[in-house]
Each structure stands twice: as structure tokens, then as C-alpha cells.
Amino acid sequence: YMGDWEIFSNFGNIMGDQPRNAGVVDGIKDVGRKVSEETQKEGEYIPPLLCTYAARCLTLEQGEKFPIDAYGSFTPEQQAELTKLAFIRVRQRDDPVWETIRMQVVFESFYATEMQRVRTKKITLDEDNQRQLERIAELGTNISSNQQVAALYRAIFKLMLVNGCVDITKPDRNVDREVAAALESVFPQAGLNAFNMMSSEEKKRHVRDLINIVLGIRLFNKDIKKGGAGLVDVPNMVGREVDSLYD
């Protein structure tokens, strides 16, 4: 999970530029934490991120009281006043402006966290793919036996499945058959000699192309209702998610 302040720093489009003074930044963060603690004492939990956001908004609204570009940190009196005002702000109810801000903070927090998750997942997949491609390039060198051919096809087939937009934790014979048929149609055994003669980098590039081609074949078959086993129906999934928002 991304740190609250790391997420908070992405809100410049709503709140204006972030304070340049580190002391003021730390002061706003401290206020956010204190306000969150105070709300818990009152039997309500409001995340430090949202409390920090409220404090930052107040420094923009009342710049004469809380000069964010001042040298040094807030004075104890300024920090106490900001804490008091932020506490009042975050506990407001039925205020359209504050409710809109609250929703924006939730969205930004979720979006930043989700993007981090997606990036991490992609990095992991890319690293796994690179290891598999290295192995495939090695297996596809000096092919001289049926065992080598079988090992090469198994490695490529596994890579197709991992990158095939299917849940590989739930084996599906229909998916296996479709992927195998699509792979055989674009990479038949008759093409192994040419593959054998390629350099290591050319082999990797060729297999990357095969991933996209095989997936493209399966997507086309799904569209014409003649295949596409295991592929997520994205339009229907999005439609269900939208409908659930109205429930």
C-alpha cells in the first residue's frame, strides 16, 4: 500500500502546489495524524489521509493564518488552531462541498493504490516472461530430438497460457485445446528449422509476437462465437459493475 503522504502529494490538481517548506509539510502531516486520533476518541475513525487533506485545504483557504511558504515550521499556536479547524471540518455532515472532497480523496486513494498494484503485477509478469523467454531460446537451440521439440512446445505453450488473459489457477481443457490449436496454426513443427537458425534475441522477439497472435486468434474466435474459452467478457463485466453501483 502506498504511503498516505505519497498519495496526498498527487492531489496538486485539486489543492494547488504542495508546500515547498519541509517543516510546513511535516506540520500538516502531524495535524492530520492528530485529527485522526481525536476522531477515534470520539468513537469515529477518519483516516489520517483525509484529515491531512482537510488541513491542507484550510491552509489554502486561510493563507494569512497559515503561511505555507513561511520559513520554518508552524508555531505551536498555528498547529493547535489548524488541528481544531480541521477536526471541525472532517466531522461536518451533509455539506455538499466536503462530501465531494471526501469522495475525491477516496477515489484518489483507491486509484493510486490500484495503479501501484497493477504496476507491481506487470513488473512481476515481465520478469517471469523474460525468464521463460530465456529458457525457450535455450531450448530452441540445436534441436535434434523429439524430446527437445516436446520440451520447447511445452515451454511456449505455458507462456501462451500465462499471457492468455485466463485464470491459470483453474485448469480448463477447452482453453488448453484452443491455445494449442492456435499455436500449431502459427508455429507448426515445419517452422522449427527456421526457429532453430535464429539468434537468441530473434527467438525471443518471435515468441513475443506469437503471444499476441495466439491471443488475437482466440479473441477473434470469441467474437464470432466459435471459441474464446476462459476469456473474460469485459463489456458484460463492466456492465455488471456499473449496475452494482446503483444497487
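**Notebook: salt bridges, a buried serine and a surface patch**

I looked up R33 first thing today and found it partly exposed, with a relative accessible area of 41%. I am working on a predicted model.

**Entry: R33 and its partner**

I checked what the R33 side chain meets. It forms a salt bridge with D30, at 2.4 Å from N to O. D30 is partly exposed too, at a relative accessible area of 29%. Both residues sit in helix α3, three residues apart, so about one helical turn separates them.

**Entry: overall layout**

I stepped back to the whole protein. I noted 11 helices and zero strands. The protein has 247 residues, and 34% of them are buried. The accessible surface comes to about 15300 Å². Carbon and sulfur atoms account for 55% of that surface.

**Entry: S36**

Is S36 buried or exposed? I found S36 buried, with a relative accessible area of 3%. That is under the 20% cut-off, which is why S36 gets that label. S36 belongs to helix α3, which covers residues 22-41. I then asked what its side chain faces. A polar atom of the S36 side chain lies 2.7 Å from the backbone oxygen of I46. I also listed the contacts of S36, leaving aside neighbours within four places in sequence. They are Y45, I46, P47, P48 and C51.

**Entry: helix α5**

I tested the length of helix α5, residues 76-90. Its 15 residues should span 21 Å at 1.5 Å a residue. The end C-alpha atoms are 21 Å apart, so the two values agree. Which residues of α5 are buried? I wrote down Q78, Q79, L82, T83, L85, A86, R89 and V90.

**Entry: R89 and E61**

I followed R89 out of that list. Its side chain meets E61 in a salt bridge, 2.8 Å from N to O. This pair links distant parts of the chain, with R89 in helix α5 and E61 in helix α4 (residues 48-61), 28 residues apart. R89 has 15% relative accessibility and counts as buried. E61 is partly exposed, at a relative accessible area of 48%.

**Entry: D126 and K122**

I opened helix α6, residues 96-139, for another pair. The side chains of D126 and K122 meet in a salt bridge at 2.8 Å, N to O. The two are four residues apart in α6, so about one helical turn lies between them. D126 counts as partly exposed, at 37% relative accessibility. K122 is exposed, with a relative accessible area of 51%. I also noted a network, in which salt bridges that share partners join E44, R91 and R93. How many salt bridges are there by this rule? I recorded 13.

**Entry: nonpolar patch**

I ended on the surface. A nonpolar patch of about 700 Å² is made by V232, V234, M237, V238, V242, L245 and Y246. L245 lies in helix α11, residues 234-246. L245 is exposed, with a relative accessible area of 69%. That value is over 50%, which is why L245 counts as exposed.

Conventions:
Residues are numbered from 1 along each chain as its sequence is written. This is a predicted model: local features need pLDDT of at least 70, side-chain atom pairs count only at pLDDT 80 or more; totals for chains, interfaces and linings use all residues. Side-chain values use heavy atoms; hydrogens and water are left out. Patches are made of residues with over 30% relative accessible area and no salt bridge: like charges are joined within 9 Å, nonpolar side chains (Val, Leu, Ile, Met, Phe, Trp, Tyr) within 5 Å. Accessible areas come from the Shrake-Rupley method with a 1.4 Å probe; for residues, only the protein chains shown count as cover. A salt bridge is a side-chain nitrogen of Lys or Arg within 4 Å of a carboxyl oxygen of Asp or Glu. Buried means under 20% relative accessible area, exposed over 50%, partly exposed in between (1.4 Å probe, protein chains only). A polar contact is a pair of N or O atoms within 3.5 Å; within protein, one must be able to donate a hydrogen and the other to accept it, and residues adjacent in sequence count only if both atoms are side-chain atoms. Contact means heavy atoms within 4.5 Å. The expected span of a helix is 1.5 Å times one less than its number of residues.
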